[in-house]
Amino acid sequence: MLNFLWSWFNVHRPIRPKKMVTPQVSTYFEVSGQLQQHPVCELLNEVSTAGLSGALRVERGQHKSIIYFNDGKLVYSVSNARQHRLFDLLLRSGQITKEQVTAYKDFTNDQLLAAQLIEKGIFDKQTFRHIFGQQMREIISFVIGWDTGEWTFNALARIKEDVWQETDLSKVLLDFSKNISGSRLSAKFYNKAEVFSVVGKNSTNVILSSQEFFILSRLDQPSSVADISLLTGFNEADVSGIIYALWIRGFVRRGKEPAFSEEKIGDILSAEIKLKDAPKKAQQKTGAEKPAAAEAESGTDAAEEEIKAEAGMTVDQYLLQVEKAETFYDVLGVELSTDLAIIKTNYFALAKKFHPDKYHTEAGSKMHQRIQHAFTQIAQAYETLKDKEAREVYNFKMRRQLERLKKREELIAEMKAQGTSDAVLSNEAELAKLEQAREEFDYGFDCLMNRNPAAALPFLARAVGLAPKQARYHAYYGKALSHSIKNRHQAEQEIIAATKIEPGNTAHRLMLIEFYIDVNMPKRAEGELKKLLIKDPSNEDAKTLLESLQN
């Protein structure tokens, strides 16, 4: 019965959810093309990076999916594949029976089925938010690798806010880039002369791996994969993978023609898009004709931004905003993602209201000096942010600075917990050495975890040299050394050093025990286990290891 109903549904029903009605769209608000030229993963990145709102429709054979965005955030997706329908997901997970499914009217409509199940008390709203989130992740995982078929982006097609399921697109793209095969990756870099350069990224909370951060920090000028390989010491295959992961997440620019031109992005973002309550017949316009305004069935006004430089701001509030600002965006009272038109409006509003010439009666006073300094600050901020390339460079440097500050705060907290004196932590030179040691260790640790102990050795050795009182650095340096027979004596000494610096750290003691087991020294391992169990009698790992050795 279910198969018959599903066949009927594929013939008679659209894939749009009931709440979504796409209006007739002018070509001015549409962009389309072939997935062979712009695969789905790259389109997702471009829409997200540009901060667009609308619907990306992708088709491959009989499979069709629509992915909805709001201000560049992935908020909803729908697919015509049976395995992506709500009823099928619930059946597969055993959360509902076939008899229960067929008892509900129009069970193939996800939103209607959910509403009926909630009404009957079978599920609550919070549970369905989790289920719809899972459904959305399955759809994105299904289509993200498509590189054949067709695509269309419609800036007027929106999904209502009450069904949004925001997903971390950066993580989705990262996971995809990690799983892409070497042969497919090579095909994406068929032009060996193609160069890559750093661009800004409208997010300060994106976490990069140490390899990604290392390559970005060395990418001071446009460079090819071969150039980057020589510059960093990584092989070209690894560079290709890292660069591709950075590119599809918006950190790197490449020479390939984008799907969305800057002009098209500017047109869409600058258009006044209004919401309407009921379907209206759209006026037919040519592609060259720019509409003064457009109406979408649901969603938010893509051009609406809060202007923070309000007319009622006092001079004291203005000075406080500028003087406490940590970034140029704070100076102008705007967000990192704010477009140029809003930045320009804020700057001129501030400059007009608080220009030093308007306070000439205060000339020579401390207040006037503050006003002059504040004006210099907002002018400098505007000059930097109004230029696209200068803004990208500033964003990148700002993100690095924020990451450094965050890491420094974490390092100081960790050092204080370990008993490091305030005198050391307040000494800039000593603190800089500790920071460098942490960077060296983090990179070496990543190499070690990626089963490349030889590459990890120089970084971990430098970390130990810069911060010899850090037990963890000694322990993992010893672990990296233990992979080579000729270095095993030194490896033992490094791990022993870690146990002496932190005698109560059972993890380091277990590393020493595992080392003795690996080099076939069971008596020493047994002795260390007994010492450990005297200090920590409830340690189950140690008990299991000791029993294994004794038997």
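The following questions and answers cover strand pairing and salt bridges in this predicted model.

Student: Which residue of β3 stands opposite Gly54?
Tutor: Gly54 belongs to strand β2, residues 54–60, which runs antiparallel to β3 and is joined to it by seven bridges. β2 and β3 form a hairpin with two residues between them. Across this pairing, the residue opposite Gly54 is Phe69.

Student: Which residue in the turn between β3 and β4 has a positive phi?
Tutor: Strand β4 spans residues 73–79 and pairs with β3 in the antiparallel sense over six bridges. One of the facing pairs is Ile67 with Ser77 in β4. The two strands form a hairpin with two residues between them, and the turn residue with a positive phi, about 50°, is Asp71.

Student: Is strand β3 mostly covered or mostly uncovered, and how many of its residues are buried?
Tutor: β3 runs from residue 63 to 70 and is mostly covered. Buried here means under 20% relative accessible area. Of the eight residues in β3, the number that are buried is six.

Student: How many residues apart in sequence are the parts tied together by Arg92 and Glu138?
Tutor: Arg92 forms a salt bridge with Glu138, with the closest N and O atoms 3.5 Å apart. Because Arg92 lies in helix α3 (residues 86–92) and Glu138 in helix α6 (residues 125–143), the pair ties together parts whose separation in sequence is 46 residues.

Student: Which helix holds Arg370, the salt-bridge partner of Glu323?
Tutor: The closest N and O atoms of Glu323 and Arg370 are 2.8 Å apart. Glu323 lies in helix α13 (residues 315–323), so its pairing with Arg370 ties together parts that are 47 residues apart in sequence. Glu323 is partly exposed at 41% relative accessible area, and Arg370 is partly exposed at 30%. The helix that holds Arg370, residues 366–385, is α16.

Student: What is the relative accessible area of Lys386?
Tutor: Lys386 forms a salt bridge with Glu383, the closest N and O atoms being 3.3 Å apart. Glu383 counts as partly exposed, at 46% relative accessibility. Lys386 is likewise partly exposed, and its relative accessible area is 36%.

Key: Residues numbered from 1 in each chain as written. Predicted model: local features only at pLDDT ≥ 70, side-chain atom pairs only at ≥ 80, totals over all residues. Heavy atoms only, no water. Buried < 20%, exposed > 50% of the residue type's maximum accessible area, 1.4 Å probe, protein only. Helix = DSSP H or I, 4+ residues; strand = E, 2+ residues; numbered from the N terminus. Pairing = 2+ DSSP bridges. Salt bridge = Lys/Arg side-chain N within 4 Å of Asp/Glu carboxyl O.
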